[in-house]
Amino acid sequence: MNRQNLTPATPPSVLTQIAQLPDFSIDDLRALWIELNGSTSPNSNRAFLERRIAYGLQERAFRKVNQGLLERNAHRIDKLLATGKVSKTDRDIRPVPGTVITREYQGQMHRVVVGTDGQYEFQGRRYPTLSMIAREITGTRWSGPLFFGLKASAPVRKSK
C-alpha cells in the first residue's frame, strides 16, 4: 500500500510560507506574529518566532472542526457545571489525529499514528483500538490507553 496516497498533501502555500520564514526580517516576523495571534510576541528570539509562526500557519491551514468532540466537550462542561465534577467515564483520552504515540516494550520501540478517522496505524496496518495494538505487541490483553501511557493506572488499594 502506498503511504503517500493515504496522507493528505500539504498545500504548497503553507509550505512556501514556512520555507520563506528564514528570509523575513525580525520586524516582518513580529508583524506576522501579530497577524496570527492578535498580540505582540512574548519573545524576540528569531528561532522561537519562526517555530511558533510555522506552527500557527499550519494550525490555521489544517484546523478541522470535529463535531463529535465539540458535543462531548459541551456535555462534559454541562455536567461539570451541574455537579462540580467530571466523572472518570467522561474524561476524553483520545489523542488528536496525527499524534504519534510511542512505547518501548521489551527493548523494542513501537510507534502508532492516530488517524483522522479515529483508527490507529501500526506497522502498516489499521486498527480500530489501541487495545488491539497493545495485544498485538504483548500477546496478552491490555488496556491500550494504559499500555501507551494515555491513562494512569488505578492506585493500588490497601486491604483492611
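**Labels and cut-offs**

User: Why does Phe 147 count as buried?

Analyst: Phe 147 has a relative accessible area of 2%. Buried means under 20%, exposed means over 50%, and partly exposed is in between (1.4 Å probe, protein chains only). At 2%, Phe 147 is therefore buried.

User: And what are we looking at here?

Analyst: It's a predicted model, with residues numbered from 1 along each chain as its sequence is written. Local features need pLDDT of at least 70 and side-chain atom pairs need 80 or more, while totals for chains, interfaces and linings use all residues; side-chain values use heavy atoms, leaving out hydrogens and water.

User: What makes Trp 142 and Phe 147 an edge-to-face pair?

Analyst: The structure holds 5 aromatic pairs. In the one formed by Trp 142 and Phe 147, the centres are 5.1 Å apart and the planes make an angle of 70 degrees. Rings of Phe, Tyr and Trp (its six-membered ring) pair if their centres lie within 6.5 Å; planes under 30 degrees apart are stacked, over 60 edge-to-face, the rest tilted. Both values pass, so the pair is edge-to-face. Ring pairs also link Trp 142 and Phe 147 with Tyr 105 and Phe 148 into a cluster.

User: Is Trp 142 buried, exposed or partly exposed, and how do you know?

Analyst: Trp 142 has a relative accessible area of 34%, so it is partly exposed.

User: How do you know that His 110 is buried, and what does His 110 touch?

Analyst: His 110 lies in strand S2. Not counting residues up to four places away in sequence, His 110 touches Ile 101, Thr 102, Arg 103, Tyr 105, Phe 122 and Ile 137. Contact means heavy atoms within 4.5 Å.

User: What makes phi of Gln 106 and of Gln 123 worth a flag?

Analyst: Most residues other than glycine have a negative phi. Gln 106 has a positive phi, near 50 degrees, and phi of Gln 123 is also positive, near 50 degrees. Gln 106 is in the loop between strand S1 (100-105) and strand S2 (108-114), while Gln 123 is in the loop between strand S3 (120-122) and strand S4 (125-127). With relative accessible areas of 71% for Gln 106 and 57% for Gln 123, each residue counts as exposed.

User: What's the polar contact at Ser 41?

Analyst: A polar atom of the Ser 41 side chain lies 2.4 Å from the backbone oxygen of Asn 43. A polar contact is a pair of N or O atoms within 3.5 Å; within protein, one must be able to donate a hydrogen and the other to accept it, and residues adjacent in sequence count only if both atoms are side-chain atoms. Ser 41 sits in the loop between helix H3 (26-37) and helix H4 (46-62). Leaving out residues up to four places away, Ser 41 touches Trp 33, Phe 48 and Leu 49.

User: How do you know that the span of helix H5 is close to the expected one?

Analyst: The expected span is 1.5 Å times one less than the number of residues. H5 (residues 67-83) has 17 residues, for which 24 Å is expected, and reaches 24 Å from first to last C-alpha. Gly 84, with a positive phi near 85 degrees, follows H5. Helices (H or I, at least four residues) and strands (E, at least two) are DSSP runs, numbered from the N terminus. The chain comes to 7 helices and 4 strands.

User: Where is pLDDT under 50?

Analyst: Over residues 1-7, for which the model has 3 contacts beyond four places in sequence. pLDDT is the predictor's confidence in each residue, from 0 to 100. The chain averages 82, with 84% of the residues scoring at least 70.
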